[in-house]
Amino acid sequence: MSASYLLRRFSTKPPSRFHRNLLSSSFSMDLPPVLSRNALIRPYSSTTSNHRTIFNNIRRFISPCFRQSKILPNWVSEKTRSNSVSVRGFSTSVETITGDKSFERIHVQSSLNSNPLVIERIHKDEETVGEPVSRVEVNEIRSGEVREESEAEKEAWRILEDAVVRYCGSPVGTVAANDPGDKLPLNYDQVFIRDFVPSALAFLLKGEGDIVRNFLLHTLQLQSWEKTVDCYSPGQGLMPASFKVRTVALDENTAEEVLDPDFGESAIGRVAPVDSGLWWIILLRAYGKITGDFSLQERIDVQTGIKLIMNLCLADGFDMFPTLLVTDGSCMIDRRMGIHGHPLEIQSLFYSALRCSREMLSVNDSSKNLVRAINNRLSALSFHIREYYWVDIKKINEIYRYKTEEYSTDATNKFNIYPEQIPPWLMDWIPEQGGYLLGNLQPAHMDFRFFTLGNFWSVVSSLSTPKQNEAILNLIEAKWDDIIGNMPLKICYPALEYDDWRIITGSDPKNTPWSYHNSGSWPTLLWQFTLACMKMGRPELAEKALALAEKRLMADRWPEYYDTRSGKFIGKQSRLYQTWTVAGFLTSKLLLANPEMASLLFWEEDYELLDICVCGLSKSGRKKCSRIAAKTQILVR
């Protein structure tokens, strides 16, 4: 059996340099994700026939289509011997441990290194990709009468089911858009991680979990691929932005299906998708909560995938803040829009992923340090966002009176914000009883735009305080015409115009004022708004917005986004039959009809975090830290 072949499940490409180097060293516990895929390896004895059985089994899960083609990728040189299988200089021995019924060890030994690589098999009965999933049927735990679907819902389900992508016969996701009139789909015919989340929730809430399980496992396999742009490779925990199922011809008569991921090397601007790994973790938790199948998140390969994402996010750097530092275009707003730095959307997803990881990670000797780091970051991040990102009329007045150039650990204006940065529109726009979280915060810079996804997800995850959550929904209600308008919901408010548009976007013709990411209206945001409203006990706001959308979406053929200040027109470059528009609408309907399901998807306030201070200032001799000094300002009901 080829060890390097084991590392490439679905690809016809050779293994990455990282994994080739990995095979020459010995390991104990924290295995990289592909090496720890022991749940897919069945126990065998060390007989000659079983060597062949192991090889065939591995070949099947590398590509299920091998059962049809029975041809290896062209980079593999297969050589079968009576006592061993050797590929690229690696030899394999399989050793049964007498009397050990809980696991077996497979030693993959390099011919250049006598130290064995040990892969621990923990459970003998774990499922492989594509096996039937045992789950709690959602329909069995719903209460109330069956609700009759509207014509819009029926059409939405047909569109969503037509958008399903299959890989070797199994559903693995949904395409971004399925517009029959689109002659140049670009990458809209791919499965995006962020786009699939509302589709996944719709399927889960309907009781169909197999597609979500397959999606989570296949994207996890892609995490280990080699990712290179101009000879540089990012961290191993990076998840792809999207993938496409391609058919590759092996010869004149045979072909196989492969997954072709995009980690940003093909994206506009070549930006890595920071939010993909965060959404993957959030969806993994949602899958377990809704289906009751927690065996998936307990698998060693899945545990290792979580660790790699968290290690990438928690890596030490030069930054002085607990927020994630990212470049422009690294999330849903994937074009230049002036969100580089510490955008709220990334911070709210990061906070959610941290809380999900803390719930799902098995605490043992190999993970205890990571769990400790997660707890520390959760505490620091929640304080930082609540204290420094929050703006209401009182805070704006405080900023208006800021003194600048303060040099002190007790400075009020810690980020040296100049009062002249307060935009004129904000003075009259902010309501008396509302508030929101800033779009971005950096030294000498506050982005006062209202970013919808970041604020909604802060409510859902309890990144903001209960009182702040109420104020965010109060602001939505007070500024309904601006943020909801004729079609919910503005991705941000207000638009960049005139010189700001030219300088900040680089005169982007797609992000013109009140279009696309520059304050366009995106119906897919409905499901996040619905979840936030249901958490705060205000579902009537979501119902009102949903009813507004339902009047137009079906007639307008489910556009990706809408243009103009009020969202009156279909976007000038908007794709039709956009999958996450359809899925956002369906998920909102299902959440409102099943409040007990919705309650599984949001987080309540974690009061323990408020008492944790990790700054360690007691060792430095200082009398107090800024957290303690400002703790009375943290609003907790």
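Two strands pair if DSSP finds at least two bridges between them. By that rule, β6 and strand β7 (residues 242-249) pair in the antiparallel sense over two bridges. This is a predicted model, where local features need pLDDT of at least 70, side-chain atom pairs count only at pLDDT 80 or more, and totals for chains, interfaces and linings use all residues. Residues are numbered from 1 along each chain as its sequence is written, and side-chain values use heavy atoms, with hydrogens and water left out. Helices (H or I, at least four residues) and strands (E, at least two) are DSSP runs, numbered from the N terminus.

**The sheet**

- Strands of a sheet pair through backbone hydrogen bonds, either parallel or antiparallel.
- Here three strands make an open sheet, ordered β6-β7-β8, with antiparallel pairing.
- β6 (191-192) and β8 (255-262) are the edge strands; each has a single partner strand, so one side of each lacks a neighbour in the sheet.
- Phe192 sits opposite Ser242 in β7.

**Helix α22**

- Helix α22 covers residues 579-593, which is 15 residues.
- From first C-alpha to last, α22 reaches 21 Å, close to the expected 21 Å. The expected span is 1.5 Å times one less than the number of residues in the helix.
- Most of α22 is covered, with 13 of its 15 residues buried. Buried means under 20% relative accessible area, exposed over 50%, and partly exposed in between (1.4 Å probe, protein chains only).

**Asn455**

- Asn455 belongs to helix α16 (residues 452-461).
- Asn455 is buried, at a relative accessible area of 0%.
- Contact means heavy atoms within 4.5 Å. Leaving aside neighbours within four places in sequence, Asn455 contacts Leu344, Tyr436, Leu437, Phe450 and Ile472.

**Leu531**

- Helix α20 (residues 526-535) holds Leu531.
- Leu531 counts as buried because its relative accessibility is 0%.
- Leu531 and Phe456 are 75 residues apart along the chain, yet their C-alpha atoms are separated by 8.3 Å.
- Beyond neighbours within four places in sequence, the contacts of Leu531 include Trp457, Val460 and Leu591. Ala598, Leu601 and Phe602 are also among them.

**Tyr493**

- Tyr493 is in strand β14 (residues 492-493).
- Tyr493 counts as buried, since its relative accessibility is 7%.
- Asp482 is eleven residues from Tyr493 in sequence and 7.7 Å away in space, C-alpha to C-alpha.
- Not counting residues up to four places away in sequence, Tyr493 touches Asp482 along with Trp425, Trp429, Arg449, Phe450, Trp514, Ser519 and Arg565.
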